[in-house]
Amino acid sequence: MGNCISEDRRKSTLMAGDEMSQKNTTPLFFLAPAVILIIVFVIYPIVQTLWLSFLSPKGEFVGLRNYAQILRSKEIINSDRFPFECPPWGALIHNAVWIAIHLPLTVFLGLFFAIILKDVKGASIIKSIVFLGMVMPMVVGGLMAKFLFDKDIGIVNVVLRFIGLHSLADISWTYHPETALLATILIGVWMWTGFSMIVYSAALAAIPREYYEAAEIDGASSFRKFIHITLPLLKPATLVVVVMTVLWELKIFDIVYVATGGGPGEASMVLAILMYIKAFVAFNFSEAAVLATLLTLLTLPPAIWIAKTAVGRK
Amino acid sequence: MKGKVSTVVAHVVALLIGVVWILPVVSIFMVAIRPIREILHGWWNFKEFHPTLKNFVEALNHPTTPLGRGLLNSFIIASLAMITPVFIAALAAYAFARFSFPIKTYLFLTIIIMMAMPQQMVAIPLFQIMIKLGLINTYLGLILVHTAWGLPWIILFLRNFFLTLPIEVEEAARVDGASDFQIFLRIVLPMSLPALLSVTALQFTWVWNDFFLALLIVYSPDKLVATQRIVWMKGKYHTPWDTLCAGATLVMIVPVIIYAVFQKYYVKGMVGWVIKG
Amino acid sequence: MAAAGEAKTLIIVVGIVCLLIGFGAGWMVKPAPAPMKLVVIGPWSGAEMESFMPVLGAFAVEKGIMVEYRTYRAEDLATILPAQFKAGKAPADVIFMWAWWIRNNTEHILDISDIIDSADFMPGIVDQVTVDGKVYGAPYTGKVKPGFWYRISFFEEHNLKVPTTWEEFTTLLENISAIDGIVAPIASGDGVGWPLSDVTEHFILTFGGTDLFEGLINGSVSWTSDEVKAIFKDKLVPLLKKEYFSEPDDWTLILENWWEGKHALYFMGSWITGMVDDPTDLGVFSLPGAKAFVFCPDFMFIPKYTKHPTEAKELVKFLSGAEGQTIQVRQGGHIATNLNVELSAYPEVDKKVAQLLQGATAVTDLDDTIGGEFQTTFWDQLKYLWAHPDEWETVLAKIEEKAP
């Protein structure tokens with residue numbers, strides 16, 4: 001009799017929770033500390049920033065005028081120079097370039113590594129090495145960008161010289177507008193591929209062997225197995241990787257701040273750093289608030305996706 | 001035969017991956033242990049090789065930006081900002097997992113969306129709040145912000161974990177007359193040790209690695225955290241590369257050690273709440 | 001269960017007792033009254049602090065007043081002081097701070113016109129801390145940005161001479177480029193960006209004069225005006241285009257490369273004397289025709305809320321007077337603002353710098369004075385200019401956008 005009741009309870013829907021407690025005040029005590037902290041230090045500031053973005057520097061309400069101004073500014077989108085001249089192209093475009101280059105690289109490399117390392121001896125060590133990038137402070141990543149691409153002591157430059165690409169090898173990438181953005185993006189790839197790799201690794205491990213065995217019985221080649229079994233089953237994992245990676249690329253700050261400060265000549269500037277400069281160097285809070293809001297708007301689609309999947313989980 | 005060749009190829013490629021990926025870290029370490037004159041033309045030159053710990057000592061005791069104090073500060077803040085949010089989040093997560101109450105879904109959704117928020121969206125008001133509360137440039141201020149900031153993802157993770165716990169145990173305790181809080185403290189938490197380890201390791205690392213929030217809130221020399229110290233070393237104080245790399249090694253070794261020791265929990269923490277399984 | 005409850009009670013009781021004892025003890029034990037001493041706050045730590053101590057020590061011995069020193073960076077003070085001053089308090093009796101900050105906060109600062117006479121100091125210096133005819137700050141020693149440093153041995157080896165005209169300067173650069181092993185005649189350091197801004201300011205000062213320079217600072221002159229454009233177009237940019245300037249490269253690596261002979265000249269501040277192996281091998285010359293230099297000495301002020309104004313004034317008089325400054329410069333690395341400091345007090349290398357300054361005017365660093373977004377943009381754009389000298393007009397326009 002006891003068993004039947006528990007089973008019924010488990011079958012009830014997720015969000016209804018369990019009717020374990022009908023005391024109406026208990027949830028309050030459990031939730032209060034968290035909710036208070038989040039309201040004070042997260043939600044209220046968000047609303048404040050939003051409000052700030054509609055004010056002029058003097059404090060008068062100007063609605064969307066700030067937004068129009070910022071979006072037209074060359075610091076955000078420099079249509080004169082994009083795409084045929086070298087950067088600076090505007091912070092928004094730079095973030096887009098981050099996504100355009102960093103996302104495919106990390107997704108493919110992560111998947112590739114996960115596949116290669118699936119049945120290799122010593123894979124866990126190699127995976128740990130690749131994952132190191134995720135573990136360390138991103139400011140160290142910024143240091144690495146300066147260091148590895150330095151014309152005198154950078155190991156990348158040595159390799160480039162070896163291949164014969166002298167024009168790229170004999171400059172320190174973080175000091176030249178043509179290469180600064182790329183240097184930061186490449187270090188970003190080095191740091192973030194570990195995430196993509198372990199997500200794919202976990203997903204690959206979760207695919208039941210029987211699927212492959214069944215396909216082999218039917219005479220399918222490795223290639224066909226990959227295309228028709230593996231890839232489709234990896235779709236959820238891919239979604240997760242893409243969403244989290246895009247979020248990371250939009251919010252990137254530490255690496256660029258340390259490697260180039262956004263320069264030279266704003267050639268590697270990203271939205272997060274531009275916001276910081278406007279707020280705490282130029283003390284133009286309304287412009288900074290607009291940038292912050294814009295950045296947040298860009299992160300909303302991934303955020304909503306996360307929320308939907310989080311709530312829909314069993 | 002084909003199987004053998006592809007395995008060999010796989011092993012070679014795997015090795016290559018490992019070598020290429022560890023090069024940046026090795027580079028930093030190489031420069032950290034050698035005097036700058038030796039590595040001026042690249043650390044791969046081993047003509048002269050006199051490893052020394054001098055750079056580490058200099059980094060720790062740098063006259064204008066000593067890393068030793070920075071490491072201590074990072075430790076204090078990360079420790080406190082690791083315990084606090086985990087406990088507070090566990091409470092909230094339990095409520096979301098086990099209780100039903102009005103606006104539960106909306107509240108949960110809101111908290112989850114906070115996870116994706118850029119820190120820039122809260123920076124300015126947070127700065128102003130801290131000044132008003134007198135918490136600017138204090139450990140407490142930074143810890144509070146980190147706590148609040150860590151709550152959303154920890155709540156999500158723990159709530160998902162709690163949902164997987166068998167409810168019968170809790171029900172049985174209720175029949176015995178235990179209060180909700182006692183059930184939470186004495187039964188649920190002990191059963192959740194693996195999950196708690198995961199979030200603790202991740203949160204500590206996250207706070208240790210943070211730069212932006214520290215940049216926002218803390219500015220007096222004796223309170224700067226390790227990540228800030230490294231950045232100032234490169235930026236304002238023009239530290240030579242050897243000392244700089246030694247400092248970087250010291251700052252990154254802590255999260256790496258935590259990862260090495262808690263690897264299983266760490267990875268589960270990262271993957272566990274984003275993917276089924 | 002009962003035992004656990006007992007243990008809990010015990011712990012609580014013990015805890016409360018400990019707290020009570022602690023508070024009680026703290027209440028009863030009062031510290032002995034401290035002897036009168038002055039507190040000085042300065043930005044120096046480490047070796048720099050070590051060289052400041054003898055000056056304070058000499059004052060203590062001479063006047064019999066103890067002085068305690070505390071380190072605070074100017075940026076940190078800028079955040080801490082306003083709140084303290086509003087509360088009518090001051091963390092020290094004498095505080096070192098930026099000149100522009102002193103000018104902006106005179107309502108909290110003691111007027112020291114009675115002890116500072118601008119005739120005693122390099123022209124232009126005391127003006128930096130004078131508001132409405134009243135002097136609020138006292139100049140101490142400082143570091144100068146005198147010009148291009150070179151190794152005497154290098155010049156001798158290659159038969160090079162210090163230039164006295166612009167033509168000689170460009171010829172010198174050309175001759176240096178031809179030397180084996182030289183990557184570029186002039187080394188360009190890259191810190192946050194200030195090594196580039198320093199050399200640019202030197203050009204502006206030399207060919208534009210102090211009025212133009214001041215005009216750029218206060219916004220009355222535009223960066224896109226003809227005079228400024230001429231300086232860039234005719235003097236700085238051609239040198240950049242001919243690749244006489246190296247790539248901006250890591251500040252400390254460049255120092256090594258310059259010392260080893262990959263570069264011949266390095267535009268730097270006088271602090272470089274403390275950074276090389278052999279300071280006696282150092283020589284310096286400025287751009288021919290330079291009559292003004294960026295000289296940012298340290299300034300000190302006395303907050304109105306000090307409890308010892310008379311003694312504080314004595315200290316300030318000592319420090320900024322010939323006596324205090326002489327002791328400081330004797331240790332090297334500092335240049336005096338007080339005209340009564342003898343040249344003989346300087347160590348060899350610093351003497352050369354001091355000589356360059358004789359008869360010259362002192363001005364403040366341009367980007368430091370304006371600060372804010374202008375400074376970050378200025379540095380950033382100069383880095384761009386070094387990489388793309390042909391886009392100099394765009395660079396000037398971008399700088400002007402953020403200029404006052």
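These legends walk through several close-up views of a predicted model.

**View 1. Chain A as a whole.**
Let's start with the overall build of chain A, which has 15 helices and zero strands. Its radius of gyration is 24 Å, well over the 20 Å that the globule rule gives for 314 residues, so chain A is more spread out than a compact globule. Along the principal axes, the C-alpha atoms of chain A fill a box of roughly 75 × 60 × 30 Å. Of the 314 residues in chain A, 48% count as buried. Now think about which parts of the sequence meet: among contacts in chain A between residues at least 6 apart in sequence, 67% join residues at least 24 apart.

**View 2. Where chain A meets chain B.**
Here 82 residues of chain A are in contact with 84 residues of chain B. Which helix gives the largest share of the chain A side? That is helix H2 (residues 26-52) of chain A, with 16 residues. Sorted by class, the side of chain A that touches chain B has 67 nonpolar, eight polar and seven charged residues.

**View 3. Where chain A meets chain C.**
In this view, 14 residues of chain A are in contact with 15 residues of chain C. The chain A side of this contact divides into seven nonpolar, four polar and three charged residues.

**View 4. A cis peptide bond in chain A.**
Look for two prolines in a row: the peptide bond from Pro87(A) to Pro88(A) is cis, with omega near 20°. To find the spot, follow the loop between helix H3 (65-72) and helix H4 (91-116) of chain A, where Pro88(A) lies.

**View 5. Two residues with positive phi.**
This view pairs a residue of chain A with a residue of chain C. Glu266(A) has phi near 65°, a positive value in a residue other than glycine. You will find Glu266(A) in the loop between helix H13 (254-259) and helix H14 (271-280) of chain A. Asp132(C) has a positive phi too, near 55°, and is likewise a residue other than glycine. Its place is the loop between strand S4 (130-131) and strand S5 (134-135) of chain C. Is Glu266(A) buried or exposed? Glu266(A) is buried, because 30 other C-beta atoms lie within 10 Å. Asp132(C), with 7 other C-beta atoms within 10 Å, is exposed.

**View 6. Two domains of chain B.**
The domain assignment of chain B gives domain 1 (1-52) and domain 2 (64-272). Taken over C-alpha atoms, the centres of these two domains are 34 Å apart. Their contact takes eight residues from domain 1 of chain B and seven residues from domain 2 of chain B. On the domain 1 side, helix H1 (2-32) and helix H2 (36-39) of chain B each supply at least two residues. The largest share of that side, four residues, comes from H1(B). By class, the domain 1 side has seven nonpolar, no polar and one charged residues.

**View 7. Two helices crossing in chain C.**
Two packed helices are described by the angle between their axes and the distance between the axes. In chain C, the axes of helix H2 (residues 46-63) and helix H11 (residues 322-330) come within 8 Å and cross at roughly 145°. The crossing of H2(C) with H11(C) is right-handed. Pro54(C), Val55(C), Ala58(C) and Phe59(C) in H2(C) meet Gly324(C), Ile327(C) and Gln328(C) in H11(C). The residues of this contact divide into five nonpolar, two polar and no charged.

Note on methods:
Residues numbered from 1 in each chain as written. Chains lettered and ligands numbered in written order. Predicted model: local features only at pLDDT ≥ 70, side-chain atom pairs only at ≥ 80, totals over all residues. Axes fitted to C-alpha atoms, helices over the stretch in contact; angles between N-to-C directions. Left-handed = near helix turned anticlockwise from the far one by under 90°. Contact = placed C-beta atoms within 7 Å. Nonpolar A, V, L, I, M, F, W, Y, C, P; charged D, E, K, R; others polar. Domains from an automatic or database assignment. Rg over C-alpha atoms; globule rule 2.2 N^0.38 Å. Buried ≥ 20, exposed ≤ 12 C-beta atoms within 10 Å, placed from the backbone.
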